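Open the model in your viewer and keep the selection panel handy. We'll go stop by stop, and at each one I'll tell you what to pick and what is there.

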Amino acid sequence: MSDKKYMSLALDLVKGTLGQTSPNPAVGAVVVKNGRIVGMGAHLKAGDAHAEVHALNMAGSEAEGATIYVTLEPCSHYGKTPPCAELIIQKKLARVVIATTDPNPFVSGQGIKKLEDAGLEVKVGVLQEESDHYNRAFFHFIKTKTPFVTMKMAVSLDGKMATNTGESKWITSEASRHDSHRLRHSHDAILIGAGTVVADDPALTTRLETPGKHPIRVVLDHHLRTPNEAKLINDKAAETWIVTTGEQRGSEKAKRFDALGVKVLYLDSHRIDISDVLKLLGEYGIVTLLVEGGPTIQDSFLRSKNIQQIVAYIAPLIIGGEKALSAFGGLGMNSLADALALDIDKVAEIGKDIKIIAHARSD
Ligand SMILES: Nc1c(/N=C/[C@@H](O)[C@H](O)[C@H](O)COP(=O)(O)O)[nH]c(=O)[nH]c1=O
């Protein structure tokens, strides 16, 4: 088999573990000796063994003289586990094939150098684009220290998220709504505005047939109007954070949330600036953020240019009505030049709907 084939298998392990390794990247490794796979492994949880460790444990003595395929440059620094580059050298592998170098500027290339200095043959860049695509959120976080923002939209063909009477359940099909729970599973946090809490009283938990991971539920709530009896305050099904402004510090309302076990995060400013919110969430280690809106929140992310990816579920429905809520409210962009330009990654039919995944075009 070719290098690409074995790297593709390592990338299958990445696909399978996406989201559960946060704030670390998802990484896969495959060890091959004389044309036979003798070991494979994936990083499963931040703080646990790296993919190479699992694969080399499985390979045992067969590792000597073998080739290891790994989707990310083996680490060379002592983090929570000893450096994998050292381990690969100790196990006397002959060859290392890497998809992509570490995005962290402080360590990028050091693992490769260690391996080459030890006399191993190293090949870099096999299926690099695919590997970078899977870990685009991690790479974004390393670069910006803010979460990679995916915005979910569930709209009719004419872009409405509710009728003019506010009816919205359900616009998209069961299959789409099920799929959007998989999105929740793979995100560290899900963000909505207080308006959606009041209007929808959503649970925002991941409800799949096989239990999924619940994202942390983040509510942007300038005036702390999230009701006590809201599901995401009372159901104790998942963590809930409320982000508000500094002037709420010590207020009766804030004390109420403390008493209910809800974490309240305070912005320094007296207004809710999305870039400040993202910086704060980044400080708390949120690498992937799913924004499920309300039109006002969607608009604030749009105008502050803080959207990296869109997942849109579009139902074959025309709702019409100038008063019917569209997915984006507020002021929007004045000129087409300022509109969020996207590159479409995938279009698929899902139930009776269309699902579009697109990423913000980098300038
Ligand atoms: N109206 C629709 C959606 N609506 C999405 C949000 O407005 C809801 O508040 C949120 O999904 C409720 O979260 P829950 O309580 O955890 O179920 N989302 C969809 O995919 N299709 C729709 O037709």
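Before the first pick, a word on patches: they are made of residues with over 30% relative accessible area and no salt bridge, with like charges joined within 9 Å and nonpolar side chains (Val, Leu, Ile, Met, Phe, Trp, Tyr) within 5 Å. A salt bridge here is a side-chain nitrogen of Lys or Arg within 4 Å of a carboxyl oxygen of Asp or Glu, and accessible areas come from the Shrake-Rupley method with a 1.4 Å probe, with only the protein chains shown counting as cover for residues. This is a predicted model, in which local features need pLDDT of at least 70 and side-chain atom pairs count only at pLDDT 80 or more, while totals for chains, interfaces and linings use all residues. Residues are numbered from 1 along each chain as its sequence is written, and side-chain values use heavy atoms, leaving out hydrogens and water.

**Stop 1: a surface patch**

Select Ile344, Val347 and Ile354: together they form a nonpolar surface patch with about 280 Å² of accessible area. Ile354 sits in strand S14 (residues 353-360); helices (H or I, at least four residues) and strands (E, at least two) are DSSP runs, numbered from the N terminus. Is Ile354 buried, partly exposed or exposed? Its relative accessibility is 36%, so Ile354 counts as partly exposed (buried is under 20%, exposed over 50%, partly exposed in between, with a 1.4 Å probe and protein chains only).

**Stop 2**

Now pick strand S12 (residues 309-315). S12 is joined to S14 by six bridges, and the two run antiparallel; strands pair if DSSP finds at least two bridges between them. Look for Tyr313, opposite Lys355 in S14. Strand S6 (residues 148-156) runs parallel to S12, with seven bridges joining them, and Lys152 has Val311 as its bridge partner in S12. How many residues of S12 are buried? Seven of its seven are. Gln309, Val311, Tyr313 and Ala315 cover one side, and Ile310, Ala312 and Ile314 the other.

**Stop 3: S8 and its partner**

Jump to strand S8 (residues 216-220). Five of its five residues are buried, so S8 is largely enclosed by the rest of the structure. On one side you'll find Ile216, Val218 and Leu220, and on the other Arg217 and Val219. Strand S7 (residues 189-193) pairs with S8 in the parallel sense over five bridges; Ile190 and Arg217 are bridge partners.

**Stop 4: two buried residues**

Thr196 is in helix H8 (residues 194-200) and is buried, at 13% relative accessible area. Leaving aside residues up to four places away in sequence, Thr196 touches Asp201, Pro202, Gly293 and Gly294 (contact means heavy atoms within 4.5 Å). Then go to Tyr266 in strand S10 (residues 263-267), which is buried at 16% relative accessibility. Among its contacts are Thr244, Arg249 and Leu280.

**Stop 5: the five-stranded sheet**

Finish with the open sheet of five strands, ordered S2-S1-S3-S4-S5 with mixed pairing. Strands S2 (36-42) and S5 (121-124) are at the edges with a single partner strand each, so one side of each has no neighbour in the sheet. Strand S4 (residues 95-100) pairs with S5 in the parallel sense over four bridges, with Val97 opposite Lys123.
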